[in-house]
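Dear colleague,

I am passing on the structure we talked about, and I would be glad if you kept it open beside this message while you read.

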Amino acid sequence: MEEFDVLVIGGGPGGYVCAIRAAQLGNKTACIESRGTLGGTCLNVGCIPSKSLLHASEMYSKAKNEFKDIGINTGDLSLDLTKMMGHKDKSVDGLTKGIEFLFKKNKVTYVKGHGSFKDKNTILVKDSSGSTQEIKAKNIVIATGSSVVSLPNINIDEETIVSSTGALALKKVPKKLIVIGGGYIGLEMGSVWLRLGSEVEVIEYMDHITPGMDKEISDTFLKILKKQGMKFHLSTKVLDVKKTPNGTKVTAESNGQTIEIVSDIVLMSVGRKPNTDGLNLETAGVNRDSKGRISTDKKFKTNIENIYAIGDVIEGPMLAHKAEDEGMAVAEIISGKYGHVNYDTIPGVVYTSPEVAVVGKTEEELKKIGTEYNVGKFPFVANSRAKINNDSDGFIKILVDKNTDKILGVHMIGPDVGTMIAEVVLAMEFGGSAEDIARTCHAHPTLSEAVREAALAVDKRAIHF
């Protein structure tokens, strides 16, 4: 029986990064993945294919509705959905093969199959043919990710009632799409099909979209999406979803009234659950919490000395980059080095158009904990690059400690803010202040000048607004 220093269960963003880093640090390393391709949900049916469709649909929408305004006449424009989906699949295939190459480059053993514990040092791997093998390891890292959940008694068939996975593979543009859940994923996928010609209605249980986001950003986001044509039913509870001969019928309750909405497709986007079933954790003695997540300490160690867990199976935001950071950190901890993740500086991004990007505390959170703060805001309508690009919806808001000027949170809605958020994340990682950003030269004309102007606005000295 082959024995490894580090064995990672799961080849998603957390797992494959952990395996590569562990191997770089001199450990004999293996990674078990049951999907048949590496990259996990993110690369195969999540972040990457959705961003491919978001980009393609945005280009289509701009060509159809905006190019003429800047002197580009396209003539007759048509959508080739099959080719668009083919481009998405080709991109995914190339990137998954790229991870396999990185495994070979770093001498990581790639094991295809489903892994479960035989004991705390032994994993039983069953492959697609039913064959089994046992693998022993000194240290085991659980990185099995998460999967979609539905509402009670509503079954996802990935044909008419779909998850994000099915929404990424529709064979035709639905005339009408109902999105249940107004979070990041639902709004991204709703945006894709809205741009391609669907009528899109979003049903959200809360009285606002993107729960947990800074309220001012969330409210602005809602207004922009409505302007784009997306319809919303807020403070609305879904009671049932039924398949009909022509599609679906959603029954919901709003303000004490029962409403029915018919559509071609229903997208269930109400959250995800950790993939901890089927690992035989009880045999190894690994504890889980009431939500099915694996309990760990600050060094990602479970209650069993040699078993660790990272990513969506532990507490925290279910984000690929959070899992990657944890993967690198735990590989370094196992190797006797100092691995660390600063959870106060993990950004979140919604890849709609405009994008939304957030990091740190919201105004609501600062008020709740009684922290005195100052605010600096700058609108993209006053940014020269955004104006000439005809892409000036949104603003940047910086929240700082009133006494020290330390940046506590930054909230952006506008063009390319998913990239621009990195500047303030870096500043926050170094304990930076608004003054630090305000005194940093930014190239002109760029969208990032809006970040500097927002920092200047903290002290009421923005130049261009």
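**What I found**

If you start at I142 and set aside its neighbours within four places in sequence, you will find I142 in contact with I9, F117, L279, L281, I294, I307, Y308, A309, I310 and V313. Please bear in mind throughout that this is a predicted model. I142 also belongs to the largest nonpolar core, which has 51 residues, and together with F103, F117 and V141 it touches the most other members. Helix 1 (residues 13-24) gives this core its largest share, seven residues. Another core, of 37 residues, lies apart from it, and V179, L187, M189 and I413 are among its residues.

Next comes helix 12 (residues 417-429), whose 13 residues reach 18 Å from the first C-alpha to the last, close to the 18 Å expected at 1.5 Å a residue. Its buried residues are V417, G418, M420, I421, V424, V425, A427 and M428, and what covers them includes strand 19 (355-360), strand 22 (407-414) and helix 14 (449-458). Just after helix 12, G431 takes a positive phi of about 70°.

Lastly, where does E204 sit? Its place is in the loop between strand 10 (199-203) and helix 7 (215-228). E204 is buried yet has no salt bridge, and the nearest side chain of opposite charge, K215, is 12 Å away. Leaving aside neighbours within four places in sequence, the residues in contact with E204 are G181, G182, G183, P211, H233, L234, S235 and T236.

With best wishes

Terms used
Residues numbered from 1 in each chain as written. Predicted model: local features only at pLDDT ≥ 70, side-chain atom pairs only at ≥ 80, totals over all residues. Heavy atoms only, no water. Helix = DSSP H or I, 4+ residues; strand = E, 2+ residues; numbered from the N terminus. Buried < 20%, exposed > 50% of the residue type's maximum accessible area, 1.4 Å probe, protein only. Lys, Arg positive; Asp, Glu negative; His and termini not counted. Salt bridge = Lys/Arg side-chain N within 4 Å of Asp/Glu carboxyl O. Contact = heavy atoms within 4.5 Å. Core = buried A, V, L, I, M, F, W, Y, C linked by side-chain atoms within 4.5 Å. Expected span 1.5 Å × (residues − 1).
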